[in-house]
Amino acid sequence: MKPAAFDYTRAGDLSEALDALSQHGAEARIIAGGQSLLPMLNMRLAKPTVLIDIMGIAGLDRVGREGDLIVVPAGVRQAALMKRPGLAGEQPLLAAALPWLGHYQTRARGTVCGSAAHADPSAEIPLCLVALDGEVRLRSRRKRRSVSAGDFFSGMMVTDKADDELIEAVAFPAARPGTGYAFKEVARRHGDFAIVGCAAVVTRDAMHLAVAGVADRPQRRSFPLLEGSALTDALNAFACELDARDDFHATARLRRDLVRSLGLSTIGEAKRCRA
Amino acid sequence: MPRLSAATQHRVTFTLNGRTVSLDAQPRLLATDALRHGLGATGTHVGCEHGVCGACTIQIDGQPARACLTLAVQLEGKEVTTVEGLAPERDRLSVMQAAFRRHHALQCGFCTAGILVSLDAYLREEPSPSEQELREVLSGHLCRCTGYTQMIRAALEAAACLRGEPLPQTLEPADV
């Protein structure tokens, strides 16, 4: 399994990367950590003619704060975000989900924005973005725009990103007082693709549950504070709405069961974690 | 912006196990093939070629990386460590390699190179790992002989040894 031939360019700054993207459009791909793109190239599921490497661009590797947003630029590796001091207090959902994202060896290379760009329906970064109602910041030669995570992911490995755009950063809302966060996942092996992943955010008057691995993109539903059978009925309705499919790893029925059971326990944990 | 064209070979220079090396590579050449075919460093093994099995794990600037998910041109200017670079000198094993030998932590040996490279990086980051943490590190590797238990034992003992703790009494000094 070897990639098809492509030209390779190292962008010295963001402007060079945007120029190359506007020139080549759909023929070009941005390469950052390469942990999603290289398998696609090796299996020839993707055959770009130009790769634009952005990892040499200065300043893209520093996580920043803008008010209550944690801003993660395109060069930040997953391991770097995971090691951010105080992350468990700053956004407990991210701290809980990141250890499930691939393996120690792939997190050392893979980037947070790269995972968003790849948009695997079972992936943890898209799930967290959708659960927290985060944003994806896109940039092209023409314009800059910010898209809410719920609008960004539009299907199986399909996003709202245009061919001449790149993800400049993703932004996760930091934890708010009085809100609880929880993450749970079921996979064959720790670090493998999730069969179902759940992320819950519970505030004083609402519960939000986002689910990965079931529909063609992470899906989020909001409920009032429910208990007992009202909650299990609501989760049952959510599970049935999601158009779960059978595949090699799990049946649609198992996935629906996990939305009900894992969803319930994730919401329960988020409720208990409300500070 | 330097652009390396698809059809031509480009000079790539990096440090491999402390030595400066160069080879000519097309942009699509994987680091696995650059190491094995271009430089003759066949210690890095190739299993699945899509990042799942971990046999080809190397270190780039001290961090673990799947060589099959790395382009040779991405190694330009980097410090690369492969399994060949773990032993302190010829005919002497590293502490981890010696522990693997003592604990029979390899059977066919195909996955071993990547696992040793991963554990070497991880112990530098976390000198006192728990068994659970080591299991999670090893979850990034497939051993089809399924000898994980011995690997965990070896890694725990090697970590203790590297922290300067006394070795179990049953060991001969020559074993270390």
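Two strands pair if DSSP finds at least two bridges between them. Helices (H or I, at least four residues) and strands (E, at least two) are DSSP runs, numbered from the N terminus. The model is predicted: local features need pLDDT of at least 70, side-chain atom pairs count only at pLDDT 80 or more, and totals for chains, interfaces and linings use all residues. Residues are numbered from 1 along each chain as its sequence is written, and chains are lettered from A and ligands numbered from 1 in the order in which they are written.

**View 1. Strand 5 of chain A pairs with strand 10 of chain A.** The two strands run antiparallel, joined by 5 bridges. Strand 10 covers residues 166-173. Within this pairing, A:Val170 of strand 10 stands opposite A:Val72.

**View 2. Strand 5 of chain A also pairs with strand 4 of chain A.** A:Gly64 has A:Val71 in strand 5 as its bridge partner.

**View 3. Chain A as a whole has 11 helices and 14 strands.** Its radius of gyration (over C-alpha atoms) is 19 Å, close to the 19 Å that the globule rule (2.2 Å times the number of residues to the power 0.38) gives for 275 residues, so chain A is as compact as a globular protein of that length. The C-alpha trace spans about 60 × 40 × 35 Å along its principal axes.
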